[in-house]
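User: I would like to learn how to read contacts, surfaces and helices in a model. Please take one feature at a time.

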Protein chains: 2
Amino acid sequence: MGQKKNRIKDIAFHAGVSVGTVDRVLHNRGRVSEEALKKVQEAIIKVDYKPNLIARTLGSRKRHYIAAIIPDPSLDEYWTQSSLGIKQSIAEWAPYDFQIDTYHFNLYDKNSFKSISEEVYLTKPDGILLAPIFYKETLPFLMLCKTAGIPYVLFNSNIPEASSLSFIGQNLLESGKVGGELCHIGHHGPGTFAILHINENIQNAVHLLEKEKGFRKFFEENQSGGVQVVSLDLESSEAAKINQEIELLVADPQLKGILVTTSKGLSIVSAFLERNGKKGIRLVGYDLLEENIRYLKAGIIDFLINQNPKRQAFLGIHHLSNYLLLKKEPPAMDLFPLEIITPQNLDSYLNARLHSY
Amino acid sequence: MGQKKNRIKDIAFHAGVSVGTVDRVLHNRGRVSEEALKKVQEAIIKVDYKPNLIARTLGSRKRHYIAAIIPDPSLDEYWTQSSLGIKQSIAEWAPYDFQIDTYHFNLYDKNSFKSISEEVYLTKPDGILLAPIFYKETLPFLMLCKTAGIPYVLFNSNIPEASSLSFIGQNLLESGKVGGELCHIGHHGPGTFAILHINENIQNAVHLLEKEKGFRKFFEENQSGGVQVVSLDLESSEAAKINQEIELLVADPQLKGILVTTSKGLSIVSAFLERNGKKGIRLVGYDLLEENIRYLKAGIIDFLINQNPKRQAFLGIHHLSNYLLLKKEPPAMDLFPLEIITPQNLDSYLNARLHSY
DNA sequence: GTGAAAGCGCTAACAA
DNA sequence: TTGTTAGCGCTTTCAC
């Protein structure tokens, strides 16, 4: 049970070399002879060496510097939450001499992303946390980081081929299925179920489609006959047209539920149903944003699926810091559960603490 | 921004004393003159001292020993999960020289708790994690610990007057409300809603009543007219009577939903509805236990409320260790969100990682 | 009461 | 290519 821990010194003793040599092997800093290398490696295994991480951090008086690149929070409440998560993690890591700087780009302007990412690159961070909104612009930037040996963690949406240290987010297909389920719960017999995208930027069209796929899949797998699934894709710029289309949609007496995939869209639909009566239409959307919370409490929105942007960002920094400080490999994918928020469990979510745990 | 950190040495310099004296003041170990004390205290404030926790733990080569006291997992799957949470935290804290021992008592035998707790006390742990099942026996034990200066963290259920370092669990009243809501969703008009306790031990009667209070409260606050709430309290020993009562309950064509508060009870009701047909009765219960998962997937159970025993135990150890090692005060109450599990989001919960974060 | 000094286990600069 | 050594900031012992 409580056998004495083996230190570097012990390895050195067993291998018949000095601690300096062991250290060089441990961190493959080179400048070690074949022979010594072999002996040390054997000794490491023999004594079952586990580094003392506390001592390691104290010994190497290195300042770590992490850059977080996210959309400007002032333009979108969702990103305000991510920003809060980062702020909170700053406090968590400050004692370990971490500097964490946040850089904002304009969610609607890929050029702003390009210039910000270039700026960040020049600061030579030890690690990067990134929300990859602009696929085409992000990938080359990440490849550049890869070459420079800068590890990066993605969150919110993934770029699988970017081979990031870790991705933090949710499974969008599953998310769509849950959305379908929530629209459907308690309904029997025929009816129309709609999924509505009101898109601010074309970038995340792919994500919305993935959710739609899930939404449709749910109804395929849970046929009750006479169920019809429709989808509506609107540009957020066409304000007049949007309301018109919604009116048309809601006019269908068969309409039983709507899943709205974007926050802008949810806001519009909620306002519409508040004005014109809910007529028994189930309304489901995403995230604990202020307006959504209000509509949920008011009974206009029935369910919210929580993507937990705050925690995503928080954990992103956490994984990165742990990797830099303790060389702990984070999971390649950290997929969050699909949290269902109702009027009754809302408070328990709002009051819950954020754990790095 | 990045101004140099002040060390104990700096305090000593400013106060014109040695580091030894500063250390004595910092930890009020006594043996310091009035005069020195004052000077040091001023210096501490002046240089805005923040201790380096890493160095502190390295310097004091103390082994920490935590005892976790929980019901025997072999008798109850719920506690198997708690046990898993503890196991996982052992791995997390091993590098910091923590020894974490788990002690089991018989869930149905208060004497076993008494003897186990006495045994634990004799091992003189530095901290205790405890699931207080037996109120009457637990309180004096905790008072004993308090006197001995052993900090303790409670989880699962609380004893507010025990003044524990922290409590980890859920708000039971809110939990009952969510249970009511889940039974009710999608229903309109009149109907009967039942809450069912099939109790294994009288100890947690208080908790079940708290959930019932919440359940009733939901329907009071969300009257739709003609709604009737009934509650059923059965002893798990009366096997025959239980099925009889359930049969009676389900025979009511007005019955729309049942919330079952105990795992034993949920198992029985699920089996019953599987045999005799669900008849549109909404079934809601607690926790991701194997059998529950099966019934949820089969469509017999409609919703589960996740109490997350694994995470509760995990965080209990986490809070305790952090307190012991880094003197981080945990929150007095760490209330978990009331997680709603459906067939569609089940997998996302089963696959989610346990973060100490 | 006080201060000096030797650790804790590891890193990294430097001399050999 | 190697070994030695002086830290990192704090705790703790021990002599005064």
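User: Which helices of chain A and chain B each supply at least two residues of the surface near DNA strand C?

Analyst: This is a predicted model, in which local features need pLDDT of at least 70, side-chain atom pairs count only at pLDDT 80 or more, and totals for chains, interfaces and linings use all residues. Residues are numbered from 1 along each chain as its sequence is written, while chains are lettered from A and ligands numbered from 1 in the order in which they are written. A residue is near a strand if its C-beta atom, placed from the backbone, lies within 6 Å of it. Helices (H or I, at least four residues) and strands (E, at least two) are DSSP runs, numbered from the N terminus. Here α2 (19-26) and α4 (53-59) of chain A, with α2 (19-26) and α4 of chain B, each give at least two residues.

User: How many residues surround DNA strand C, and which are the closest?

Analyst: There are 27, and the closest are Arg7(A), Gly59(A), Ser60(A), Ser18(B) and Gly20(B).

User: How many residues of chain B are in contact with chain A?

Analyst: Contact requires C-beta atoms, placed from the backbone, within 7 Å. By that test, 39 residues of chain B touch 40 residues of chain A. The largest share of chain B's side, 5 residues, comes from α4(B).

User: Why does the end-to-end distance of helix α5 of chain B agree with its length?

Analyst: The expected span is 1.5 Å times one less than the number of residues. Helix α5 (residues 77-93) of chain B has 17 residues and so should span 24 Å; its end C-alpha atoms are 25 Å apart, which agrees.

User: What do the buried residues of α5(B) pack against?

Analyst: Buried means 20 or more other C-beta atoms within 10 Å of the residue's own, again placed from the backbone. The buried residues of α5(B) include Trp79(B), Ile86(B) and Trp93(B). The buried set packs against β1 (64-71), β2 (98-105), α11 (263-276) and α13 of chain B.

Note on methods
Contact = placed C-beta atoms within 7 Å. Buried ≥ 20, exposed ≤ 12 C-beta atoms within 10 Å, placed from the backbone.
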